[in-house]
Amino acid sequence: MMGKISRLPEFGIAVFSFLLHFVWEFLQVPTYAGMAELNHWDGVKVCTSATFGDVGFALIAFWTTSALARSRHWYLRPKTAQLLVFLGVGIMLTVGFEYYYTNVSLRWTYSELMPLVPPFGTGLSPLLQWLAIPPLVVWLARRHVCGEKGLERAP
């Protein structure tokens, strides 16, 4: 059963998103006020929670791209437009949620180390996260299914 689940497109997107976003969340800790001062376990819990949110964003971006491509296997031979949709959805979700959490609910704030990007004052680090990680996720998910030999093993 695990073999079948691991071949689902969402599996690779979710697993590789989790692994890469988890690392990024820890690397950007100094750019969020109070995060560096948290005790270790509380910091791990906050970063893990944020990572699950990132995975949710990645899956929403994946499903949106899949709907437009009319295939959940678009990532095996991604077109530029599909990658741009995948990135764009993730960036829009990031900007929206960062704005909500930093300006409306005040769940978190940026430290003085976080450069802000207009027009909404979104932190540069979360934006860079959604520019850097999704292309790697697509590449890793493709390799997970196709292996080193290429697309001849694709479903």
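## A walk through a helical chain

Pro126 touches Gln28, Tyr32, Thr94, Glu98, Tyr110 and Met114, leaving out residues up to four places away in sequence. Start here, with this one residue. Pro126 lies in helix α5. Is Pro126 buried or exposed? Its relative accessibility is 1%, and buried means under 20%, so Pro126 counts as buried. One more pair shows how the chain folds back on itself here. Pro126 and Ile91 are 35 residues apart along the chain, yet their C-alpha atoms are separated by 8.6 Å.

Now step back to the whole chain. This is a predicted model. The chain has five helices and two strands. What is their order from the N terminus? The elements run α-α-α-α-β-β-α.

Next, consider overall size. The chain has 155 residues, and a compact globule of that length would have a radius of gyration near 15 Å. The chain has 17 Å, which agrees. Its C-alpha atoms fill a box of roughly 50 × 35 × 25 Å along the principal axes. Of the 155 residues, 39% count as buried. The accessible surface comes to about 8900 Å². Carbon and sulfur atoms make up 69% of that surface.

Contacts also tell us about the fold. Take the contacts with a separation of 6 or more: residues 24 or more positions apart account for 67% of them. Charge has its own layout. The chain carries 12 positive and 9 negative charges, and their mean positions are 19 Å apart.

Now go inside. The largest nonpolar core holds 21 residues. Which of them touch the most other members? They are Ile13, Phe62, Trp74, Tyr75 and Phe86. Helix α5 gives the most, with seven residues. There is also a second, separate core of six residues. Val29, Tyr32, Met35 and Cys47 are among them.

Beyond its neighbours within four places in sequence, Ile13 is in contact with Ala58, Leu59, Phe62, Val137 and Ala141. Phe62 is another of the core residues that touch the most other members.

Setting aside neighbours within four places in sequence, Thr51 is in contact with Phe18, His21, Phe22 and Glu25.

Finish with the backbone. Most residues other than glycine have a negative phi, and most peptide bonds are trans.

Arg70 is not a glycine, but its phi is positive, about 60°. Arg70 lies in the loop between α3 and α4. With a relative accessible area of 78%, Arg70 is exposed. Leu106 also has a positive phi, about 55°, and is not a glycine either. Its place is in the loop between α4 and β1. Leu106 is exposed too, with a relative accessible area of 56%.

The last stop is a peptide bond. Pro118 and Pro119 are joined by a cis peptide bond, with omega of about 10°. Where is Pro119? Pro119 sits in the loop between β1 (116–117) and β2 (122–123).

Definitions and conventions. Residues numbered from 1 in each chain as written. Predicted model: local features only at pLDDT ≥ 70, side-chain atom pairs only at ≥ 80, totals over all residues. Heavy atoms only, no water. Helix = DSSP H or I, 4+ residues; strand = E, 2+ residues; numbered from the N terminus. Rg over C-alpha atoms; globule rule 2.2 N^0.38 Å. Buried < 20%, exposed > 50% of the residue type's maximum accessible area, 1.4 Å probe, protein only. Contact = heavy atoms within 4.5 Å. Areas by Shrake-Rupley, 256 points an atom, 1.4 Å probe, with all protein chains shown as cover. Lys, Arg positive; Asp, Glu negative; His and termini not counted. Charge placed at Lys NZ, Arg CZ, Asp CG, Glu CD. Core = buried A, V, L, I, M, F, W, Y, C linked by side-chain atoms within 4.5 Å.
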